[in-house]
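Hi everyone, thanks for making time today. I'd like to walk you through one protein chain, so please have a look at the screen with me.

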Amino acid sequence: MSVGSAPPQTPVMTETLALRADAHVVVRDGITALVEGHVQAPLGPLGPALAGVVSALADGTQESQLVALTIEAEGEGAAFKLQRLLRRLEHGGWLKRTLSSGKRALATRHPIGHVIPPQLPPADVTGTLVLSRVALLRADGGMVRIESPLHTVFVELHDPALAGLVARLAQPTDAEELADSAPGLDTKTIRALLRMLRDSAIIATAGEPEPPGLAQWSFSDLLFHARSRAGRNLGGFGGTYHREKLAEPLPAIKPPGEITLPLPTPDLAAVSASDPSFGAVLEKRRSIRAHNDERPITAAQLGELLYRAARVRGVMHDGHQELSSRPYPGGGACYELELYPLVNLCEGVAPGLYHYDPGGHGLERVAEPGPPTILLSEYSRITAVMDSPPQVSLLITARFGRVMWKYESMAYALILKQVGVMYQTLYLMGTAMELAPCALGGGNSDAFCAAAGCDYYEETTVGEFIIGSPGGISGDASGAGRG
Ligand SMILES: Cc1cc2nc3c(=O)[nH]c(=O)nc-3n(C[C@H](O)[C@H](O)[C@H](O)COP(=O)(O)O)c2cc1C
């Protein structure tokens, strides 16, 4: 530095307010409204001051400029109207805030949903802070975004170097320490950045214990829960057909391979006539984990169970995609679940892995018995805490595209709900037929793909259910199973 030259100026920190990127302003019959997707917020007829504020927000501006604009249009008395409007827009999830240091944009806080919890008193960031164990930093369309399932906002980091600053917060640290390693940013700017991260639940005060309700959640469970429920979801929610223009829908019935074993079709009228009453079935239902290998389940019984629980009763079209009708209810009538009987012992069916064709009511051979099928069978046995492998494990896969093509945000959650429906249907039908049914709480989807040759991302297991001939009541009284 030459003698007498001025010390380098620290760039001035500013905060800009703007409407969220996916919102637009509509004025109809003198009423101004904000619109984002299906969400509308009518703001009413606005006077000249607030109308000016809304259009300034569409471009992005500083709060001080909004105050000046309001006072200029309607006088000092209108300032409270501005504060009321800004509070409403903030809590309704309409505003994003950008922090800049001089001309350098640092970070933007974007709303996700439309219920943003009221701002508590400004976050205290003077102490030691730490990165949340549930925060997530990732790339999104070229931007670096950091988010937390604990909040309905996310933060975009405009400068990738700031990701390093956030990473330093994995260890408890404070604004002063961070300023030492953040060239060009003074402590005041770093504090503003930390306040934004703190207000977005991305960082917290170091050493502050989590409330017990939160402490029980794993990162992945919480992220899945938050993003699959309306409000903390990203993008659209529900049956938006968001992939309609991107990909062809999958057919309602998985294109059948060669049926190597047509299954006996039950006489529905005859079997229904001899069924116990629904109430009796519900009362009798138990999880039975002991199979009678002396007199195993038969092909006729397996056929009856699959036919009555899971066959296709008809196929229709709703103008978007093929749908079908089956004995159990299905979200959107998509029917993405497929059943793969893994046969260990069944009279009339050779051991191996099969796929049930619900349209043709037959079994397609998928894999001969071998290490991959033995591994799957062992998973079932261990999960049910049985001494010998279950006679038949019904491995339940999802053809993910059936649901993901139509549903946004909630697709996987819907699939797991569907597994529950399938479980109960198999339980009740199995009980009515005096078989030994038991649901399983988990299985290995990679092992399934290895055995069946499926693509993990297109179709793999989401549930497992064992069935056999009853060998006595087991587990149900003691809860001996793992699930
Ligand atoms: C979603 C779900 C998962 C289950 N997971 C298992 C499991 O992994 N292993 C097992 O032996 N039983 C499992 N079961 C059976 C339960 O242990 C059983 O339903 C519960 O103990 C109540 O007994 P009951 O079915 O005989 O009335 C599961 C049941 C459900 C509905």
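Let's start at His110, whose bridge partner in β11 is Phe154. Strands here are DSSP runs of E of at least two residues, helices are runs of H or I of at least four, and both are numbered from the N terminus. Before I go on, please keep in mind that this is a predicted model: local features need pLDDT of at least 70, side-chain atom pairs count only at pLDDT 80 or more, and totals for chains, interfaces and linings use all residues. Residue numbers run from 1 along each chain as its sequence is written.

Back to that bridge. Strand β7 (residues 104-111) pairs with β11 in the antiparallel sense, over five bridges; for a pair, DSSP has to find at least two bridges between the strands. Phe154 also has Glu147 standing opposite. Strand β10 (residues 143-147) runs antiparallel to β11, with four bridges joining them, and a hairpin of five residues leads from β10 to β11.

Is β11 mostly covered or mostly open? Strand β11 (residues 153-157) is mostly covered, with four of its five residues buried. By buried I mean that 20 or more other C-beta atoms lie within 10 Å of the residue's own; 12 or fewer is exposed, in between is partly exposed, and the C-beta atoms are placed from the backbone.

Next, Leu99, which sits in strand β6 (residues 95-101). Why does Leu99 count as buried? Because it has 21 C-beta neighbours inside 10 Å. Beyond its neighbours within four places in sequence, the contacts of Leu99 include Met13, Leu106, Ala192, Leu193 and Met196, where a contact means C-beta atoms, placed from the backbone, within 7 Å.

Ala192, Leu193 and Met196 are also among the buried residues of α6. Helix α6 (residues 187-199) has 13 residues and spans 18 Å from first C-alpha to last, close to the 18 Å expected; that expectation is 1.5 Å times one less than the number of residues. Just after α6, Ala201 has a positive phi of about 60 degrees.

Now for the open sheet. Its seven strands are ordered β14-β19-β18-β17-β20-β23-β22, with antiparallel pairing. At the edges are β14 (259-262) and β22 (436-440), each with a single partner strand, so one side of each has no neighbour in the sheet. From one strand to the next, the twist averages 35 degrees. For angles, axes are lines fitted to C-alpha atoms, for helices over the stretch in contact, and values run from 0 to 180 degrees between N-to-C directions.

Helix α11 (residues 299-310) lies across β17 (337-343), β18 (352-357), β20 and β23, at about 170 degrees to β17.

Finally, the whole chain: 15 helices and 23 strands. The C-alpha atoms fill a box of roughly 100 × 55 × 40 Å along the principal axes. The radius of gyration is 30 Å, whereas a compact globule of 483 residues would be near 23 Å; this is taken over C-alpha atoms, and the globule rule is 2.2 Å times the number of residues to the power 0.38. Of the 483 residues, 36% count as buried.

Note on methods:
Two residues are in contact if their C-beta atoms, placed from the backbone, lie within 7 Å.
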